[in-house]
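Okay, thanks for coming, everyone.

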Amino acid sequence: IYTLSLHDALPISRFLVPYLERQKALFAVTLDDQKIAGVHAFVYTPAGGIAAANKDRVLINLHGGGFSGCWPGCAELESRPIAALAAIKVVSVDYRQAPDNKFPAASEDVAAVYKELLKTYCPENIGIYGCSAGGMLTAQSVAWFQEHDLPRPGAIGIFCGSAGEFGGDAAYTSTPLGEARLMPEMRDGGMTRLGYFGNTDPKDPLVAPIHSPEMLAKFPPTLIITGTRAFEMSSAVYTHSQLVKLGVDAELHVWEGLFHGFFYNPDVPESREA
């Protein structure tokens with residue numbers, strides 16, 4: 001049991017606890033447990049207050065975990081430093097996951113929270129980001145918004161993920177280079193082998209927006225983060241190339257020698273850069 005705040009004692013993966021302890025020491029925030037449009041969420045506010053430039057802005061975090069776990073540990077690691085360093089409010093969404101839920105449950109939850117925040121914030125002042133499954137869900141959410149006539153957000157961050165399936169050279173090279181967490185099935189794309197995507201069409205643009213140039217062309221400014229030893233690197237690079245080809249304002253940042261979700265460890269110099 002790891003205590004996130006004075007009023008929350010929740011089970012957390014032992015692997016994440018040292019990172020969580022370190023982040024709590026480095027990044028001061030207040031944490032509120034809320035329901036937004038009926039969806040559970042944690043709201044992070046910088047202890048020093050929201051910067052004047054960000055008083056009308058908000059970020060939505062979509063945590064990693066393979067669409068089957070890592071709440072609230074991954075949510076904390078992805079939200080706390082951003083809220084503190086950027087002096088901005090971060091809403092981390094506890095979206096529905098496998099095994100109890102299937103696609104498009106998570107997309108529906110993100111859309112519900114987004115629609116509620118649109119009552120307070122202009123769409124261009126809302127950013128959405130996430131790592132791993134959360135990065136993929138970020139891309140899926142933008143596609144879902146288009147399909148359901150919701151305005152596009154101001155910017156998105158696809159971190160440790162992509163707008164489509166995993167694959168390419170990185171799926172083979174990352175394991176001998178040290179990415180031991182890579183599952184063998186990821187080498188052939190692997191997305192539909194995640195329980196959350198059971199019985200979906202891997203070419204469905206709401207599952208993998210990379211397969212729809214029309215949808216990709218309407219993406220907002222996009223930041224992509226990966227590392228040379230991360231199993232998602234090839235798909236992240238491919239996502240970036242397709243966005244650029246379609247005229248989207250997209251930035252790709254690749255850190256040498258770093259692995260999937262490296263910035264969870266706040267003491268790695270490259271994590272500070274990210």
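This is a predicted model: local features need pLDDT of at least 70, side-chain atom pairs count only at pLDDT 80 or more; totals for chains, interfaces and linings use all residues.

So, Pro 99 sits in the loop between β6 and α3, and the peptide bond joining Ala 98 to Pro 99 is cis, with omega at about 5°. On the names: helices are DSSP runs of H or I with at least four residues, strands are runs of E with at least two, and the numbering goes from the N terminus. Residues are numbered from 1 along each chain as its sequence is written, and side-chain values use heavy atoms, with hydrogens and water left out.

There's another cis bond, from Trp 71 to Pro 72, with omega near 0°. Pro 72 is in the loop between β5 and α2.

Ala 87 isn't a glycine, yet it has a positive phi of about 50°. You'll find Ala 87 in the loop between α2 and β6. Is Ala 87 buried or exposed? It's buried, at a relative accessible area of 16%. Buried here means under 20% relative accessible area, exposed means over 50%, and partly exposed is in between, with a 1.4 Å probe and protein chains only. Asp 149 is also a non-glycine with positive phi, about 55°, and it comes just after α4, in the loop between α4 and β8. Asp 149 is exposed, with a relative accessible area of 72%.

Now the sheet. Eight strands make an open sheet with mixed pairing, in the order β3-β4-β6-β5-β7-β8-β9-β10. The edges are β3, residues 29-36, and β10, residues 250-255; each has a single partner strand, so one side of each has no neighbour in the sheet. From one strand to the next, the twist averages 20°. Pairing, by the way, means DSSP finds at least two bridges between the two strands.

Let's zoom in on β9, residues 222-227. Strands β9 and β10 run parallel and are joined by six bridges; Ile 225 stands opposite His 253, and Leu 223 has Glu 251 as its bridge partner. With β8, residues 155-159, β9 pairs in the parallel sense over four bridges, and there Ile 158 partners Ile 224. Five of the six residues of β9 are buried, so the strand is mostly covered.

On to the helices. The 15 residues of α4, 133-147, should span 21 Å at 1.5 Å a residue, and the end C-alpha atoms are 20 Å apart, which agrees. That expected span is 1.5 Å times one less than the number of residues.

How do α3 and α4 pack? At an angle of about 70°, with axes 9 Å apart. That makes α3 roughly perpendicular to α4, a label for angles of 65 to 115 degrees, with under 35 being roughly parallel, over 145 roughly antiparallel and the rest oblique. Axes are lines fitted to C-alpha atoms, for helices over the stretch in contact, and angles run from 0 to 180 degrees between N-to-C directions. Among the residues that meet there are Ala 106 and Tyr 114 in α3, and Leu 137 and Trp 144 in α4. Contact is heavy atoms within 4.5 Å.
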